[in-house]
Amino acid sequence: MTQLAAARNGTVTEAMARVAEREGVEPEFVRQQVADGQAVIPANVGHDSLDPMIIGREFATKVNANIGNSEETSDIEGELEKLHTAVHYGADTVMDLSTGSNLDAIRSANVEHSPVPIGTVPIYEAVKRASDPSEITHELLLDVIEKQAKQGVDYMTIHAGVRMEHLPLTDGRKTGIVSRGGSILAQWIEENGMENPLYTKFEAICEIFREYDVTFSLGDGLRPGCLADAGDDAQFAELDTLGELTRTAWEHDVQVMVEGPGHVPMDQVAGQVERQQEVCDGAPFYVLGPLVTDVAPGYDHITSAIGATEAGRAGAAMLCYVTPKEHLGLPEKSDVRDGLAAYRIAAHAADVANGREGARDWDDALSEARYAFDWREQFDLALDPDRAREYHDQTLPGDNYKEARFCSMCGVEFCSMRIDQDAREDGEMETIEADVDDRTALEESSAAEVNQPPVGTHDEADIPGPDADMPADTEGRADD
Ligand code: SF4
C-alpha cells in the first residue's frame, strides 16, 4: 500500500510518525497532508536504509542535490563519495542523474547506502539501452521504469507533459528545449510522428509506481532555458498537462510532486509558483532554482539561490540545487558543497520569512554566540562549520584568538560589538546578557530537523566516504 493509500484510509504509517517527529508536528497533520496530495513522502517499499522525510509547502523547505556520472567521468566509488558529500552537506534528497556506464550498479549502491530518498530520470537509461533515442519503444520504457522501481528508487522524473501539440509552441524561443528529458522526448515525437510514450503509457506507469510506492516527480521538459523564454505558451501548456496527470496519478493512489523552472525573472517567480499550485491542486512544487539572471555562468548557484528563496517564500516545497558549474561542466565535490550551502541558505531564509515554527531559533542561537565572542560555538552553529573556522583562522589562527573580542574584519580598535558592549557597561544603555545560560536552547526548539545545525540533516555514517573500502556487494557488477 502506498503512503497515499494508507493516509486516505486513515492510517498513520511508521514513515508518517517519523516525519512528524522530524518536523515537530502532529502525526495526524502529516497523514492529512499526504491524504490530500499536498505533501509526499518518497519512500519506495524496497529502500531499507531510508530515513523518511516529507516534501510539502506546510513543512520545512527541502533541498535536492543532483549527482551522477557522465560518459567521461566517475565510477561506483566516485558516485558513493558524491552521495556521501551531498548528504554530509545537507541534501534532503539526491537524484542520480548518471548517463555514463555501470548505471545499474551505481543506482543499486546509491539506494543501498542512502538515508535520503533517491530520485532518477529513467529516460536516460532508456536512451542508453536503445541504439538510438528514436528507437526507444513503449516496452523498453516500462521495462526500465519497473526495474528501477524494483531497485528501490523513491521518486522518478517522468516527462509525460511534453505533448506533441506543445512542440510548435517552442519555435520562437531563444534557447529551445533545454531539459535533457524534454529534448529527447521531443526528438522521439518528431521522428516517430507519435505522441509522447510517457503520456500514452502514463496509467501503466502509475500501476508500477503503486506497487513499489514510487513518487512521481512530473518533469517540466519544456521549462524555459533563459529569461526571455520564461512563462511562454509552451511552458504553461505543459503545466496544464501536468495538472491533468497529477489528478490521474492520485486516482491510482500514487504520490505526486511537480517540477518547475528553470530561468525566471525575479518579478515572475512568485506568480509562477502560485500558478503551479492552482493548476496542480496544491501538489508539492519542486523547483530548479530558478535562475533570476542569465549573465553569471560560474556563479549560478547564487543567481539561482536568489530565485529559489523567492520560490520558497511563495510556497515551493523543494529546491533543486544548482552548482557553480551549471552550464559549464560536471560538478566536483567542492561544487556540491557550494551548491548545497547556497540552497540550504535559500531554504532556511524562506522558512524564516514564512514564519515556520522555530525556524529562526538557529539564527538567534548563532547571533547570541557571535555577540558573546564565543567563537567556537559560532563555528559549531554555522551552516558549514569547517568553512567558518577556516576563514576565521586564515588571519587569526592562534587559540588565544578564540577568546578575542574582535576578529580581523574590523580589528580590535573598530570592533563594533566590543565598542557596544563597553558602552553599555559604562553608560545608560541596558546591558545585553550574553551568558550561555541566557541563550536560545536549540535542543528545545520546535523547528524541523532541517532547520537545526549541524551541516547535514541525515546521518552519512553508512555511506562510504573518500577513503572507504567498497562493500563487496557493489563491486564488479556488469555495465548496463
Ligand atoms: S571585528 Fe567586526 S566583524 Fe569581527 S567580531 Fe567585531 S564587529 Fe564582528
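Visitor: Which residue does Arg 418 meet in a salt bridge?
Guide: The side chains of Arg 418 and Asp 422 meet in a salt bridge, at 3.0 Å from N to O. The term denotes a side-chain nitrogen of Lys or Arg within 4 Å of a carboxyl oxygen of Asp or Glu.

Visitor: What should I know about the model before going on?
Guide: This is a predicted model, in which local features need pLDDT of at least 70 and side-chain atom pairs count only at pLDDT 80 or more, while totals for chains, interfaces and linings use all residues. Residues are numbered from 1 along each chain as its sequence is written, and side-chain values use heavy atoms, with hydrogens and water left out.

Visitor: Back to that pair, then. Where do Arg 418 and Asp 422 lie?
Guide: Both belong to helix α19 (residues 416–426), four residues apart, which is about one turn of the helix. Helices (H or I, at least four residues) and strands (E, at least two) are DSSP runs, numbered from the N terminus.

Visitor: And why does Arg 418 count as buried?
Guide: Arg 418 counts as buried because its relative accessibility is 18%. Buried means under 20% relative accessible area, exposed over 50%, and partly exposed in between, with a 1.4 Å probe and protein chains only. Asp 422, at 22%, therefore counts as partly exposed.

Visitor: How many salt bridges does the structure hold?
Guide: There are 36 salt bridges in the structure. Side chains of opposite charge can pair when their charged atoms come close. One network of salt bridges links Asp 104, Arg 107, Glu 125, Arg 129, Asp 143 and Lys 147.

Visitor: What about Arg 163: which residue does it meet at 2.6 Å?
Guide: That residue is Glu 195, whose side chain forms a salt bridge with Arg 163 at 2.6 Å, N to O. The pair links distant parts of the chain, 32 residues apart: Arg 163 is in the loop between β6 (155–158) and α8 (180–192), and Glu 195 is in the loop between α8 and α9 (197–200). Arg 163 also forms a salt bridge with Glu 165, with 3.9 Å between the closest N and O atoms.

Visitor: New topic. Which residues does the UniProt "binding site" annotation cover?
Guide: The annotation, from an unreviewed UniProt entry, covers His 263 and His 327. They are spread over 65 residues of sequence, yet cluster in space, with a largest C-alpha distance of 12.3 Å. UniProt positions follow the numbering used here, feature names are shortened, and annotations may be inferred rather than shown by experiment.

Visitor: Where is His 263, and is it buried or exposed?
Guide: His 263 sits in the loop between β8 (256–260) and α12 (266–279). His 263 is buried, with a relative accessible area of 8%. The backbone oxygen of Gly 225 lies 3.4 Å from a polar atom of the His 263 side chain.

Visitor: And where is the place of His 327?
Guide: His 327 is in the loop between β10 (318–320) and α14 (333–353), and His 327 is exposed at 51%. Leaving aside neighbours within four places in sequence, His 327 is in contact (heavy atoms within 4.5 Å) with His 263, Leu 291 and Asp 300.

Visitor: Finally, which residues surround the ligand?
Guide: The ligand is surrounded by Phe 373, Trp 375, Cys 407, Met 409, Cys 410, Cys 415, Ser 416 and Met 417; a residue is near a molecule or strand if one of its heavy atoms lies within 4 Å of it.

Key
Polar contact = N/O pair within 3.5 Å; in protein donor to acceptor, adjacent residues only side chain to side chain.
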